[in-house]
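Here's a quick walk through the charged side chains in this model, written for someone who likes cut-offs spelled out. Have a look at the structure first.

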Amino acid sequence: GGSSYMSKAQARQLERIRKDEKIEAQGQLVKNDLKATLRASWNESLEEASERRSLKHKTEDIKQELRLANKALIEVRKAQLMKLLQEEQRQHEAELHSMGLAFHRDRI
């Protein structure tokens, strides 16, 4: 009945949230690793000017890697969430169909 459908919807929502939290945690690990690498590089190379110049380039490279990693993480999260939402919609439509109901969809 209706409560069964709600519990299924709640379970799908909790699964989606759990997966999103897992993706976020993985992203935080990547960020933390890159920050740790940046700090380690910074602390190792302050003695000579040539090493400082080298560090500046490394720092910029790491910052760029972090920016790209953040962008990639966002795209991965978007794709995974879209996949989850599409699957949830498909399941919802199948449930409606099994009850002899239809889902009205505007076409663009």
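A polar contact here is a pair of N or O atoms within 3.5 Å; within protein, one must be able to donate a hydrogen and the other to accept it, and residues adjacent in sequence count only if both atoms are side-chain atoms.

Before going on, some ground rules. This is a predicted model, where local features need pLDDT of at least 70, side-chain atom pairs count only at pLDDT 80 or more, and totals for chains, interfaces and linings use all residues. Residues are numbered from 1 along each chain as its sequence is written, and side-chain values use heavy atoms, with hydrogens and water left out.

**The overall picture**

The protein chain has 2 helices and 0 strands, taken as DSSP runs numbered from the N terminus (helices: H or I, at least four residues; strands: E, at least two). Of its 108 residues, 14% count as buried. Buried means under 20% relative accessible area, exposed over 50%, and partly exposed in between (1.4 Å probe, protein chains only). The chain exposes about 8800 Å², and carbon and sulfur atoms supply 55% of that; the areas come from the Shrake-Rupley method with a 1.4 Å probe, and for residues only the protein chains shown count as cover. Contacts (heavy atoms within 4.5 Å) tell you about the fold too: among those between residues at least 6 apart in sequence, 60% join residues at least 24 apart.

**Around R77**

R77 sits in helix α2 (residues 49–98). Which residues does R77 contact, leaving aside its neighbours within four places in sequence? They are D20, I23 and E24. R77 and D20 are 57 residues apart in sequence, yet their C-alpha atoms are 7.1 Å apart in space. R77 counts as partly exposed because its relative accessibility is 21%.

R77 also pairs with E24 in a salt bridge (2.6 Å, N to O). That pair links distant parts of the chain, with R77 in helix α2 and E24 in helix α1, 53 residues apart. The rule for a salt bridge is a side-chain nitrogen of Lys or Arg within 4 Å of a carboxyl oxygen of Asp or Glu. By this rule the count comes to 9. In general, side chains of opposite charge can pair when their charged atoms come close.

R16 belongs to helix α1 (residues 2–44). Its relative accessible area is 17%, so R16 is buried. Setting aside neighbours within four places in sequence, R16 touches L81, L84, L85 and E88. With E88, the side chain of R16 makes a polar contact at 2.5 Å.

E88 also meets R12 in a salt bridge. The two come from distant parts of the chain: E88 from helix α2 and R12 from helix α1, 76 residues apart. R12 is another buried residue, because its relative accessibility is 15%. R12, R16, E88 and E95 are linked in a network of salt bridges.

| Pair | Distance, N to O |
|---|---|
| E88 and R12 | 4.0 Å |
| E15 and R18 | 2.7 Å |
| R77 and E24 | 2.6 Å |

What about E15 and R18? Being 3 residues apart in helix α1, they are separated by about one helical turn. E15 is partly exposed at 30% relative accessibility, and R18 is partly exposed at 43%.
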